[in-house]
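This report walks through a few local features of one protein chain.

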Amino acid sequence: MPVPQYLISCTMLLSVEGRERKCSREEQKKMFTAFLIKYAEIGVKGKNRYLFEEALVQQIKYAVKRCDGEFKVTRTQGRIYVEALTDFDFDETVENLKTVFGISGICPVVYIEDEGFEKLGQAIVAYMGEVYPEKNKTFKVNARRARKNYPLNSMEINSGIGSVLLDAYPEMKVDVHTPQIMLNIEIREKIYIYSEVIPGPGGMPVGTGGKAMLLLSGGIDSPVAGYMIAKRGVKIDAVYFHAPPYTSERAKQKVVDLAKLVSRYTGPIYLHVINFTDIQLYIYEKCPHDELTIIMRRYMMRIAEHIAKETECLGLITGESIGQVASQTMHSLAATNEVCTLPVYRPLIGFDKMEIVDIAEKINTYETSILPFEDCCTIFVAKHPVTKPNLNIIRRHEENLEEKIEELVETALKNDELIIVHQ
């Protein structure tokens, strides 16, 4: 069987007005029909590793459903392959794979049948000719012989293929320490060839770290916080506190849009929309105005924790960062934490605003977050909010609410609007 035509189409350079025609990047992409998926942390999981690998396979299957074309995802001997069964869009597929936590590298792969070393050498020469039109580069061959009945060992394959490439492209040189091209050859049932590693997001597959409840506002911080906790394998649900008519339906839609953007990485998000207006007005009426934000935050945490426990979440997630606003000083955070029995995870706690913005831009939530639709946390804010709340005084002022606060909270929970958000 000859070397596949897609491997040699661009290496047969045509003379056009005395110049060589080099294949474009778009033409190069057409040669790839599969991807080898690399992972990092999963590889040190010992006897439980297969559970993490299988979770990663499921997340990859979910991601490629968003792509045009059909794909087969397989796991074998410490390797995960995504094989295209139909025509597909290379860039679209890579972008979707980049949203799967647990992937450290995405390697576009060419695979061939094992028809002897001579055919392998021809395929490698064709591959290098197509992928690297500029040949003045250093390279190293890195063979892995997973199928031990192959007649040559890894060192013999490295040496033999290196010689073939030097004969075909004399301008190339071998560099075993810092090569510009790392040519990988994996000998399995088929032979896989790849040299490019596209960075993935890293982390752990979603679903391997339990589930937590994200307090999602329309700001910059909370979507980033959800993304960062999900990157550690945690499944995300979310709660949003809506305050009509003081917050508009467009503000609510903004939060749904943010949840949709985050769900690209986390999978479907169950978004609980809580009408917080009556609770907010009652606190405004009964409590000192400089403590409004702290007391409202305490009731948000109580409600979020109630929903979290009902939905078997193991913790709460907020986008708070020390000192960013009055409600995020150490004293204020201690006051809001006091009402919770579940752990509260704050992945942004030591970040400055620009670091948070950088991540928001990377995950494409920033432009939505800065749309001018206020959330309930920006309503009824005091001119001079307390920054060092005294917990005993806060508790005493909350006693002013005892007449009907429990009824208002119960009503808000009863009218919880559930929206299932996904890409």
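N364 sits in the loop between α12 (353-362) and α13 (366-369). The model is a predicted one. In it, N364 has a positive phi, near 70 degrees, although this residue is not a glycine. In general, most residues other than glycine have a negative phi, and most peptide bonds are trans.

**Backbone exceptions**

E312 also has a positive phi, of about 65 degrees, and is not a glycine. The loop that holds E312 runs between α10 (292-310) and β15 (316-317). Is E312 buried or exposed? E312 counts as exposed because its relative accessibility is 66%, and the cut-off for exposed is over 50%.

A cis peptide bond links P244 to P245, with omega near 0 degrees. P245 lies in the loop between β13 (235-242) and α8 (249-266).

| Site | Backbone value |
|---|---|
| E312 | phi about 65 degrees |
| N364 | phi near 70 degrees |
| P244 to P245 | omega near 0 degrees |

**Helix α12**

Start at the N-terminal end of α12. D352 caps that end, with a side-chain oxygen 3.2 Å from the backbone nitrogen of M354. Following α12 comes N364, with its positive phi near 70 degrees.

Which residues of α12 are buried? They are I356, V357, I359 and A360. These residues lie on the same side of α12, because they cover an arc of only 165 degrees around the axis. The cover over the buried residues of α12 includes α7 (221-230) and α13. The opposite picture holds on the face turned away from the buried side: M354 and K362 are exposed there.

**A nonpolar patch**

Which residues make the nonpolar surface patch of about 230 Å²? L166, V174 and V176 make it. L166 belongs to helix α6, residues 154-168. With a relative accessibility of 32%, L166 counts as partly exposed.

Key: Residues numbered from 1 in each chain as written. Predicted model: local features only at pLDDT ≥ 70, side-chain atom pairs only at ≥ 80, totals over all residues. Heavy atoms only, no water. Helix = DSSP H or I, 4+ residues; strand = E, 2+ residues; numbered from the N terminus. Buried < 20%, exposed > 50% of the residue type's maximum accessible area, 1.4 Å probe, protein only. Arc of directions from axis to C-beta. Contact = heavy atoms within 4.5 Å. Polar contact = N/O pair within 3.5 Å; in protein donor to acceptor, adjacent residues only side chain to side chain. Patch = residues over 30% accessible without salt bridge, like charges linked within 9 Å, V, L, I, M, F, W, Y side chains within 5 Å. Areas by Shrake-Rupley, 256 points an atom, 1.4 Å probe, with all protein chains shown as cover. Salt bridge = Lys/Arg side-chain N within 4 Å of Asp/Glu carboxyl O.
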